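Q: Hi! Could you walk me through this structure?
A: Happy to. Here it is.

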Amino acid sequence: MNSLKVALYILVFPGFLFQSGFSTFLEWVDRKVYARMQNRRGPMYTGWAGMLQPIADIVKLLSKEDIVPAAADRRAFAFMPILSLAAVFTAGLYLPVWHLRSFNSFEGDLIVVLYLLTIPSFSLFLAGWFSVSPYSLLGATRVLTQLFAYEVPFFLAILTPAVLAGSWQISKIAIFPWTVAGHWWVIPIEAIAFVVAILTLQAKLERVPFDIPEAETEVVGGPLTEYSGKKLAIFRLQKDILMYVGAALVACVFLGGFGALPQGGDQASIGVLGLIFGGYLGGVTGLLLGVTNLVVKTALVVFLLSTLRAACARIRIDQIVRFSWRYLAPWSVVQFLIVLLFKAKGAV
Amino acid sequence: MPKAGVLVPELFRNLKSRPVTRFYPFEKATVPEGFRGTPRFTSAKCIGCKVCMRDCPSDAIHIEVETLPPTEAPVEGQPAPKPRKKITMVLYLDRCVHCERCAEVCPKDAIALDTEFELAAFSRDALRLVQE
């Protein structure tokens, strides 16, 4: 019975089916917002207002011919998409989604998720490396260079709320603003870290303005130049799920989560604000509130990412390294100090 | 980055405004004023001068003037009735460049361009318009 439950968790909710479905929904939100900001309509014909278009794209790619370059390492070439998909999908399992009490949550799962979120970048690098093509190699080296630029600010930004909450457990960080009545003001004091997290998440997703590894005007498709058919479809799905996991992680640690209590967590200690803006309730009301919170908060993060994408042009690889180390990292450190100051004064 | 985010107000304005994309094949597209569509020929106005045929830059117009016997019988003491003319315009749409030259040079305004623009066809014969 218990193993059946775990299998359901892994395969259905919050596992594979839910993640695939919800991440395509987020991609639709992203494409729609991006299109509307450019005065276009975006996807229109597949499903209501084109809602099923991301799924249709992936299904179409799955049916396409799959070509492996003659010089490429066949096995490694085929393994990289699976590895990156597995990594993001596993990371998604640790996110506290409504009413599961995060079935495999433990003290320190934030570190695990951050670690798992690094694997896609590495597998992307290796995918480019094993393709043995000039464009792929160029893209692959850019992936790694960019990784060293954004990863440290990203970690610093995500760890700030963890220090504030005094826990490495995502669900505990998520409910922290709601545990004491009138405690919600810890959300605004993390604003700098939130901004840094959004910027670095965009870099992690390799989207404009940080789409340097796959800058199509320079290096065709970057590390994915040689990928086609099913393998490219898996990479596409991986990118969608990465966007969901990244957005949900940011929403959990900065915006108060969406209704999943940590193991042994007490619902009674959560104030009214937390019940409404966190959805930490049982029953049908809790389900509705939790799901609404999940959709609204992740969509809000995706909206910010799309705005960033629409407002900016691509920057150069040296510019992102300079920008990350000159601005993002110091900002995160300043935020860290602010949080430490609050902790030292005993305000939190 | 002194100007980071200058586009953002514009983006949010766009969010609220109507999209410029139209549902063209599903909704009839409106054409702008003065749109040059297909040349349409009014045989009754034509005098058969063939200026359009001569001026057409892509040689897309062919005017055929056929003289028919008069319908009325000739009457004594009256001038002979004029022979009727049957004028046909053959328009080769595969060559027409929609320049409106024919309509401009026509002294009797027998040619005017309409707003029809969905002119694709599967065979060349379908693009040969015979207008009487």
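Q: Which residues of H2(A) and H12(A) meet?
A: From H2(A), A:Leu26, A:Val29, A:Asp30, A:Val33, A:Tyr34 and A:Met37 meet A:Thr298, A:Ala299, A:Val302, A:Phe303, A:Leu305, A:Ser306, A:Arg309 and A:Ala310 of H12(A). Contact means C-beta atoms, placed from the backbone, within 7 Å; helices are DSSP runs (H or I, at least four residues), numbered from the N terminus.
A: This is a predicted model, where local features need pLDDT of at least 70, side-chain atom pairs count only at pLDDT 80 or more, and totals for chains, interfaces and linings use all residues. Residues are numbered from 1 along each chain as its sequence is written, while chains are lettered from A and ligands numbered from 1 in the order in which they are written.

Q: At what angle do H2(A) and H12(A) pack?
A: About 40°, with their axes 9 Å apart.

Q: New topic: how many residues does each chain give to the contact between chains A and B?
A: Chain A gives nine residues and chain B gives 10. On the chain A side, H12(A) has the largest share, three residues.

Q: And what does A:Ala197 touch?
A: Beyond its neighbours within four places in sequence, A:Ala197 contacts A:Phe154, A:Ala157, A:Ile158, A:Val250 and A:Phe254.

Key: Two residues are in contact if their C-beta atoms, placed from the backbone, lie within 7 Å. Axes are lines fitted to C-alpha atoms, for helices over the stretch in contact, and angles run from 0 to 180 degrees between N-to-C directions. Helices (H or I, at least four residues) and strands (E, at least two) are DSSP runs, numbered from the N terminus.
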